[in-house]
Amino acid sequence: SPSRCGVRAVINLVQFLRDRFYEEARDAWAVGYVGDVRVLREVASKRLIVDHVVDELADLGGDNPWWYEDRLMPILKYLALSYADHPDYRDEEYAP
């Protein structure tokens, strides 16, 4: 399980990202024109990335080296950067 950054920090960051993805998808559907198909694909891709990182972090107790977490957490933080202007963005936790 994640240790250095803490499990709570991972949960907070993942929830923050999933909430932003939900908002983006909702807004794209509300507008409802073909140009937003790209937004929906982008959101789907981001969700897959987050799910993959979460799965890898959950497996840290296995055969992964000790530095594995240090290479995975920045991926989530880089995704969060595009939402740095959101009121729920926590610079002290989410900034790379």
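Let's start inside helix α1, where Glu 23 and Arg 20 sit three residues apart, so about one helical turn separates them. Helices here are DSSP runs of H or I with at least four residues, numbered from the N terminus. The side chains of this pair meet in a salt bridge, 2.9 Å from N to O; that term asks for a side-chain nitrogen of Lys or Arg within 4 Å of a carboxyl oxygen of Asp or Glu.

Before going on, keep in mind that this is a predicted model, where local features need pLDDT of at least 70, side-chain atom pairs count only at pLDDT 80 or more, and totals for chains, interfaces and linings use all residues. Residues are numbered from 1 along each chain as its sequence is written, and side-chain values use heavy atoms, leaving out hydrogens and water. The predictor's confidence in each residue, pLDDT, runs from 0 to 100; the chain's mean is 84, and 81% of its residues reach 70 or more.

Back to Arg 20, which lies in helix α1 (residues 7–31). Is Arg 20 buried or exposed? With 4% relative accessibility, Arg 20 counts as buried, while Glu 23 is partly exposed at 25%. The cut-offs are under 20% relative accessible area for buried, over 50% for exposed, and partly exposed in between, using a 1.4 Å probe and protein chains only. Leaving aside residues up to four places away in sequence, Arg 20 touches Tyr 83, His 86 and Asp 88, where contact means heavy atoms within 4.5 Å.

Now move along to helix α2 (residues 37–58), which has the highest mean pLDDT among the chain's elements, at 91. Which residues of α2 are buried? They are Val 39, Val 43, Lys 46, Val 50, Val 53 and Leu 57. These residues cover an arc of only 90 degrees around the axis, which puts them on the same side of α2; the arc is taken from the directions from the helix axis to the C-beta atoms. Over on the other side of α2, you'll find Arg 41, Leu 48 and Asp 55 exposed.

Lys 46 is buried, with a relative accessible area of 11%, whereas Glu 42 is partly exposed at 33%. Shared partners link Glu 24, Arg 38, Glu 42 and Lys 46 into one network of salt bridges. A search of the whole structure finds seven salt bridges.

Notes:
Helices (H or I, at least four residues) and strands (E, at least two) are DSSP runs, numbered from the N terminus.
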